Amino acid sequence: MDRLDRQILHALGVNGRIAFRQLAAILDANEHTVSRRYRALVDRGVVRVVAMPSPRDDDNGQLLRLHVHPGSGTRLADALARRDDVSWIRTAGAGGEILCGVRAASTHQRDHLLLEQLPRTGRVTEVTAYEVLHHFRTPGHADWEGFPDQLNDEQRNRIRTDEPHEGAPQLTAGDHSLLKALSQDARQSSTRLAAATGQAESTVRRRLETLLASGAIRLDRDLDPLQLGHPIGATLYLDVSPGHLHDAGAALAQHKPTTFVAAVTGPTNLYAAVATTTINDLYTYVRSTLADVEGVLHIETSLTGPYLKHARTIRTSDGGNKVLPRNS
């Protein structure tokens, strides 16, 4: 990958549906070249843009840490990856742990998984659930921008979309087919979305604009850190003094290695996922960068494997990607 490839990836983190013509003008590149480069990145499994419902007011999702019997993690991880309410999954602790994010469609579905299904699974020896209280993101930036060739402020401002306005419509039953198509590829043209939903192209275009502007759905740029030269993944569980929690979370969200930062309930109150190039880079980050964050009382660091699923994309055994339809 070169500078143009990486700038395309940065741009998609700011606005996942930016038109190739607009993006080419901002990056001072040829429109056909930008389109071709994007398609190549998708085909190689480097990036995918998908859409999903925004969190409900009463549920920001859960992060699960499952301790499993030795040798049983692979089968359980595969089963969880195929669930529609599991948005991402990866292993940790040499396969003795499974980490996953849960975004259930309803409180009943969430409780059924956490209180009934997982406790009855013989492979699971312990379940720790972290309720997401607040997701820290730097305005105008994606969750992770630790790779080179970031956009400058002027480029970001030209790419950014308006913040969703309040009091907007929610998803309806009629949006099911549209959301199913967007969950597989949110950059599809209105023509393709119309064909997938059986609706008129103008209807699909207006409804998509309404759902995005209202915040009823959100875009997620799914990246593979391994292909971007960041093969070392880790999860950080931090204890932070309450008075410093918000500032600490906001500070971590601006650090290059962090791919996700959230305030959570549970044994610790701040959760972060990081990606680095080497183990020494991870050590340097924990030893020096985190040492400058006020209020951090304790840090547990756990090395993680590659994502088995992220943003609805399942990584297959041959290194490829498969996107599951909704309600799979």
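What follows is a short chat about helix packing and the nonpolar core in a predicted model.

Biologist: Is α1 largely enclosed or open, and how many of its 12 residues are buried?

Modeller: The helix covers residues 3-14, and its ends sit 17 Å apart by C-alpha, close to the 16 Å expected. Its cover includes α2, α3, β1, α6 and β6. Leu-4, Leu-9 and Val-14 are among its buried residues. So α1 is largely enclosed by the rest of the structure, with the buried count at 10 of the 12.

Biologist: Which element gives the most to the largest nonpolar core?

Modeller: That core has 39 residues, and Leu-9, Leu-23, Val-47, Ile-159 and Leu-182 have the most contacts inside it. Elements giving two or more residues include α2, α3, β1 and α9. The top giver, with 6 residues, is α1.

Biologist: How are α2 and α3 set against each other, parallel or perpendicular?

Modeller: Their axes come within 8 Å and cross at roughly 110 degrees. Angles of 65 to 115 degrees count as roughly perpendicular. That makes the arrangement of α2 to α3 roughly perpendicular.

Biologist: What kinds of residue make up the contact of α2 with α3?

Modeller: From α2 come Phe-20, Arg-21, Leu-23 and Ala-24, meeting Glu-31, Val-34, Ser-35, Tyr-38 and Arg-39 in α3. Sorted by type, that's 5 nonpolar, 1 polar and 3 charged.

Key. Residues are numbered from 1 along each chain as its sequence is written. This is a predicted model: local features need pLDDT of at least 70, side-chain atom pairs count only at pLDDT 80 or more; totals for chains, interfaces and linings use all residues. Side-chain values use heavy atoms; hydrogens and water are left out. Axes are lines fitted to C-alpha atoms, for helices over the stretch in contact, and angles run from 0 to 180 degrees between N-to-C directions. Helices (H or I, at least four residues) and strands (E, at least two) are DSSP runs, numbered from the N terminus. Angles under 35 degrees count as roughly parallel, over 145 as roughly antiparallel, 65 to 115 as roughly perpendicular and the rest as oblique. Contact means heavy atoms within 4.5 Å. Ala, Val, Leu, Ile, Met, Phe, Trp, Tyr, Cys and Pro count as nonpolar, Asp, Glu, Lys and Arg as charged, and the others, Gly among them, as polar. A nonpolar core is a set of buried Ala, Val, Leu, Ile, Met, Phe, Trp, Tyr and Cys residues joined through side-chain atoms within 4.5 Å. Buried means under 20% relative accessible area, exposed over 50%, partly exposed in between (1.4 Å probe, protein chains only). The expected span of a helix is 1.5 Å times one less than its number of residues.
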